[in-house]
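Me: I've got a structure open and I'd like to talk through its sheet, its pockets and its cavities. Can we go step by step?

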Amino acid sequence: MSFSRRHFLQTVSAAAATTAFHPPVPAIKPPRLKPGDTVALVGPAAPAFSRETVQITVESLQALGFKTVVAKHVFDRYGYLAGTDADRAADLNAMFADSGVNAIMAMHGGWGCARLLPLLDYNLIRRNPKVLVGYSDITALLLGIYTQTGLITMHGPVGAVTWNPFTVNYLRQTLMDGQAVLMDNPHDKGDLLAQTKDRITTLHPGKARGRLLGGNLTVLSHLMGTKYLPDWKGSILFLEDIGEDVYRMDRMITQLRLAGVLDEISGFVFGKCTDCDPGKGYGSLTMEDVFRDHIVPLRKPAYSGAMIGHITHKFTVPVGIEAEVDADTGTIRLLEPAVR
């Protein structure tokens with residue numbers, strides 16, 4: 001290791017803060033889903049871009065055996081948001097309060113979920129636990145609700161995704177069958193001599209156990225310093241992102257390191273950073289460089305390339321559930337079901 005890199009890491013470690021995160025609360029598992037249950041479609045962030053997209057989601061969920069209900073304000077528009085903060089929060093609170101609704105799925109990500117966190121009725125949510133699923137900007141709700149109530153939330157598909165067998169099978173196994181799922185990337189080489197798609201990269205070998213916590217890096221990093229992030233001690237941190245220059249990814253992971261998050265975790269999983277290649281200009285680090293600077297020196301089991309992120313084929317990852325990560329094989333194994 002060069003002097004400059006070693007000096008940088010020593011400086012960062014010395015500056016790491018003992019940030020106070022919200023202490024863990026008793027976990028609440030939502031009831032498992034079954035055919036005939038009702039899934040509510042909500043718009044906590046970006047608006048629904050077309051009624052056809054919502055209809056395709058409705059038909060896809062019906063094909064899985066579910067009934068659907070579309071929340072009142074899904075088609076509202078307030079700039080880049082699906083209506084005002086008050087209306088979007090009211091939809092979420094109403095769906096948790098409705099005894100006829102068994103699960104809540106976001107139609108889109110985008111931006112806006114963090115604006116809702118002070119407006120949610122956490123006592124209501126705690127009394128009416130149900131499946132909440134989404135990814136990207138929905139990370140704010142997944143972490144905020146888990147931290148405030150203990151409800152196990154699901155980092156998985158939004159309504160406007162490609163409902164392919166890979167995604168559907170992980171959703172079904174996790175939320176309907178109640179399995180302690182093994183999440184394993186595809187191993188299809190096609191007609192090639194070596195696998196080129198969906199590969200994993202071991203950053204540091206070994207196995208680690210802990211609660212799965214994480215989501216979109218940009219959203220998570222912008223919740224730092226708030227009461228809506230959990231205690232990271234002994235957790236497995238999983239991350240993903242999209243459309244970020246490498247220097248921004250470096251900046252956000254540096255923030256996690258300076259805040260002491262990376263010191264607390266027991267293992268690390270990075271999914272996909274879609275469209276995060278080095279940009280044009282004088283020069284750029286790569287994501288491999290960023291991991292080598294920040295993750296490898298932790299000497300904790302870590303790998304990248306998991307099927308988590310803005311991709312067509314994705315895992316359903318329960319936030320708050322105990323799991324074991326194997327960085328050599330690139331797998332995540334739940335140690336308990338995510339639903340009851």
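Me: Let's start inside the sheet. Which residue is the bridge partner of Gly-214 in β9?

Reply: Keep in mind that this is a predicted model. Strand β8 covers residues 207-216 and strand β9 residues 236-242, and the two pair in the parallel sense over 5 bridges. In β9, the partner of Gly-214 is Phe-238.

Me: And going on from there, which residue of β11 is the bridge partner of Val-269?

Reply: Start from Phe-238, which stands opposite Val-269 in β10; β9 and β10 are parallel, with 6 bridges between them. On to β11 (residues 302-304), β10 is joined by 3 bridges, again in parallel. The β11 partner of Val-269 is Tyr-303.

Me: Which strands stand at the edges of the sheet?

Reply: The sheet is open and has 8 strands with mixed pairing, in the order β6-β14-β13-β8-β9-β10-β11-β7. An edge strand has a single partner strand, so one side of it is left without a neighbour in the sheet. Here those strands are β6 (182-184) and β7 (201-204).

Me: At about what angle does helix α8 run to β9?

Reply: Helix α8 takes in residues 246-258 and lies across both β9 and β10 (267-274). Taken against β9, its angle is about 155 degrees.

Me: Now the open spaces. Which element gives the most to the lining of the largest pocket?

Reply: This pocket has a volume of about 430 Å³. It has 17 lining residues, and the closest to its centre are Gly-271, Cys-273, Met-287, Phe-291 and Ser-304. Two or more residues come from each of β7, β10 and α10. With 5 residues, the top contributor is β10.

Me: How many residues of α10 are buried?

Reply: Buried means under 20% relative accessible area. In helix α10 (residues 287-294), the ones that pass are Met-287, Asp-289, Val-290, Phe-291, Asp-293 and His-294. Out of 8 residues, the buried count is 6.

Me: What about the second largest pocket: how many charged residues are in its lining?

Reply: About 230 Å³ of space lies in this one. Its lining has 14 residues, with Pro-186, Asp-188, Gln-195, Lys-197 and Asp-198 nearest the centre. By class there are 4 nonpolar and 5 polar residues, and the charged ones number 5.

Me: Last one: how many polar residues line the second largest cavity?

Reply: That cavity has a volume of about 30 Å³. Its lining includes His-22, Pro-23, Tyr-146, Arg-211 and Asp-231. There are 5 nonpolar and 2 charged residues, and the polar count is 2.

Conventions:
Residues numbered from 1 in each chain as written. Predicted model: local features only at pLDDT ≥ 70, side-chain atom pairs only at ≥ 80, totals over all residues. Heavy atoms only, no water. 1 Å grid on protein atoms, 1.4 Å probe; cavity = no way out; pocket = protein on both sides within 12 Å on 5 of 7 lines; lining within 4 Å. Points joined across faces, edges and corners; volume = space filled by probe spheres on them. Nonpolar A, V, L, I, M, F, W, Y, C, P; charged D, E, K, R; others polar. Pairing = 2+ DSSP bridges. Helix = DSSP H or I, 4+ residues; strand = E, 2+ residues; numbered from the N terminus. Contact = heavy atoms within 4.5 Å. Axes fitted to C-alpha atoms, helices over the stretch in contact; angles between N-to-C directions. Buried < 20%, exposed > 50% of the residue type's maximum accessible area, 1.4 Å probe, protein only.
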